Amino acid sequence: MDKNSKIYIAGHNGMVGSAIWRTLSAKGYTNLIGASSSLLDLRNQQAVKAYFAQEKPEVVIDAAARVGGILANNDYPYQFIMENMQIQNNLIDSALQAGIEKFIFLGSSCIYPKLAPQPLKEDYLLTGDLEPTNEWYAIAKITGVKACQAIRKQFGKDYVSLMPTNLYGTQDNFDLNTSHVLPAMMRKFHEAKENNNAPVTLWGSGRPMREFLFVDDMAEAVVFALENCLPDYLYNIGTGTDLTIQQLAETLQKITGHQGEIIWDSSKPDGTPRKLLDVTKMHELGWKHKVELEEGIQKTYDWFLENVNAFKEVKM
């Protein structure tokens with residue numbers, strides 16, 4: 001990959017997109033482009049086609065999506081399926097029509113069946129029922145994976161899908177109504193500590209197991225896919241290790257310095273019992289994560305403290 005190649009990063013202001021931008025810049029890529037949602041509505045097909053015609057990118061990295069945790073997915077199913085399909089379909093089809101040879105599509109581990117064997121292999125896609133609390137988002141992402149696979153098959157272009165596990169890191173969403181589990185917990189523990197170490201109530205039983213990947217490691221995986229022609233259409237991106245939600249809570253409690261009680265609200269849903277990715281395929285090609293969980297959480301909390309008064313609001 002030429003360091004002067006024009007690379008368009010969709011969603012470049014988000015947690016994942018900004019990490020990809022930072023990582024590419026640090027590696028000497030000089031021709032990165034992006035457009036904020038106020039300048040380019042990715043749900044608008046004609047606007048996306050016009051942008052590609054004007055800017056003529058050589059590579060597209062799709063890190064744009066409507067994302068959220070269990071609560072947001074459950075409360076806004078239509079937005080999660082329709083907006084994500086609009087965004088990715090417009091980007092994928094516009095890239096194909098513009099003759100773009102390389103496209104990297106980012107999805108989520110929620111594409112796999114709720115009760116699939118653990119760890120989750122890429123081959124398990126479409127072999128069982130999805131987790132009901134996030135099936136809307138999952139179905140949208142599955143269509144994106146399949147669209148890229150179809151383009152590889154029919155047109156021979158290097159369109160590849162990367163499925164990350166639960167991501168966290170700097171510039172995460174800490175809105176308690178729409179965020180994922182790790183940033184939501186971090187904010188709850190921090191605010192409880194500031195409030196005389198008040199008790200913290202967390203959803204579910206604490207027993208489900210989850211895997212977490214620091215966003216800078218995800219960005220490194222994207223660069224790996226950019227600089228190499230990967231032989232298959234779908235790759236898991238994760239650490240290959242997981243922990244219980246209770247263990248995650250205890251880790252966050254320690255790092256934030258909260259010394260109060262943790263209360264588990266078992267009336268709230270747990271979600272999938274376990275969701276660990278098999279990352280053998282990427283390991284065999286040469287990519288592996290570098291940042292372990294405690295180090296990544298500490299880096300994220302340091303950023304949280306610096307930006308605690310300037311969090312973005314995420315409106316549905």
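Trainee: Which residues of helix 5 are buried?
Mentor: Tyr137, Ala138, Ala140, Lys141, Ile142, Gly144, Val145, Cys148, Ile151 and Arg152. Buried means under 20% relative accessible area, with a 1.4 Å probe and protein chains only. Helices are DSSP runs of H or I, at least four residues; strands are E runs of at least two, and both are numbered from the N terminus. This is a predicted model, where local features need pLDDT of at least 70, side-chain atom pairs need 80 or more, and totals for chains, interfaces and linings use all residues. Residues are numbered from 1 along each chain, and side-chain values use heavy atoms, without hydrogens or water.

Trainee: What covers those buried residues?
Mentor: The cover includes helix 3 (70-75), helix 4 (77-97), strand 4 (102-106), strand 5 (158-164) and strand 10 (234-237).

Trainee: How far apart are the end C-alpha atoms of helix 5?
Mentor: They are 29 Å apart. Its 21 residues, 135-155, should span 30 Å at 1.5 Å a residue, so the two agree. The expected span is 1.5 Å times one less than the number of residues.

Trainee: What comes just after helix 5?
Mentor: Gly156, with a positive phi of about 70 degrees.

Trainee: New topic. How many residues are in the largest nonpolar core?
Mentor: 41. Such a core is a set of buried Ala, Val, Leu, Ile, Met, Phe, Trp, Tyr and Cys residues joined through side-chain atoms within 4.5 Å. Leu91 is among those with the most contacts inside it.

Trainee: What does Leu91 touch?
Mentor: Tyr8, Ala10, Leu42, Val48, Phe52, Asp62 and Phe103, leaving out residues up to four places away in sequence. Contact means heavy atoms within 4.5 Å.

Conventions. Buried means under 20% relative accessible area, exposed over 50%, partly exposed in between (1.4 Å probe, protein chains only).
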